[in-house]
Amino acid sequence: MTCGIFRPAIVFPKGISHSTQQEVVFWLRHELVHIRHHDNLKKIIARGVLCLHWFNPPVWAMYVFFNRDMEILCDETVVRSRRESRKDYALALLSMAEKRSLGFQTGMGFGKNAVTARITAVMQLKRMNALTTLAAVAAVTAALTALGSHSVSFAAGVSGATEWAQVPG
């Protein structure tokens, strides 16, 4: 688990001594990704928003999805950066979840559904090829072109005549 904002530190609980060296290396790399992405600061901001909007169910859903996506991003980064075995990393996640069920507390990201989602995401990780990237860029460009127009045209009828005017953006 990563603690701190200005000088983040990685803290491993006592039960870590029963883990293999490869599992510890995976967990360490995962936490280093959290530090590199400033996830502790992002979590504090998300919790602040949650405190302000505690009554709003969509904000609660946003918070849950935000935490899940942050963990999956770190998992994918670890697997892609070192070209580690997806199977070994998934087994390390499973090992951590097993230790948690024995009383080894790790914080968020290790509920039953979260572990299943993370392992599934790691095992189904695929590289984007050039065609997929081109299609994504084309879709975003088309959406921005269609929806990003900042001028509006409207018709104003004056005694049967139609005039077109453009509102400045």
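Which helix gives the largest share of the nonpolar patch?

1. Helix 2 (residues 39-52) does, with four residues; helices here are DSSP runs of H or I, at least four residues, and strands are runs of E, at least two, both numbered from the N terminus. Please keep in mind that this is a predicted model, where local features need pLDDT of at least 70, side-chain atom pairs count only at pLDDT 80 or more, and totals for chains, interfaces and linings use all residues. Residues are numbered from 1 along each chain as its sequence is written, and side-chain values use heavy atoms, leaving out hydrogens and water.

2. The patch covers about 670 Å² of surface and is built from I5, F6, L41, I44, I45, V49 and M62. L41 sits in helix 2 and is partly exposed because its relative accessibility is 41%, between the cut-offs of under 20% for buried and over 50% for exposed (1.4 Å probe, protein chains only).

3. Now for the packing: helix 2 and helix 3 (residues 57-81) have axes that come within 10 Å and cross at roughly 170°. The pair is therefore roughly antiparallel, a label for angles over 145 degrees. Contact (heavy atoms within 4.5 Å) involves residues including V49 and L50 of helix 2 and M62 and F66 of helix 3.

4. Do look at S19 too, in the loop between strand 2 (9-10) and helix 1 (21-36). S19 is buried, at 14% relative accessible area. Beyond neighbours within four places in sequence, S19 touches V24, W27 and K99.

How values were computed: Patches are made of residues with over 30% relative accessible area and no salt bridge: like charges are joined within 9 Å, nonpolar side chains (Val, Leu, Ile, Met, Phe, Trp, Tyr) within 5 Å. Accessible areas come from the Shrake-Rupley method with a 1.4 Å probe; for residues, only the protein chains shown count as cover. A salt bridge is a side-chain nitrogen of Lys or Arg within 4 Å of a carboxyl oxygen of Asp or Glu. Axes are lines fitted to C-alpha atoms, for helices over the stretch in contact, and angles run from 0 to 180 degrees between N-to-C directions. Angles under 35 degrees count as roughly parallel, over 145 as roughly antiparallel, 65 to 115 as roughly perpendicular and the rest as oblique.
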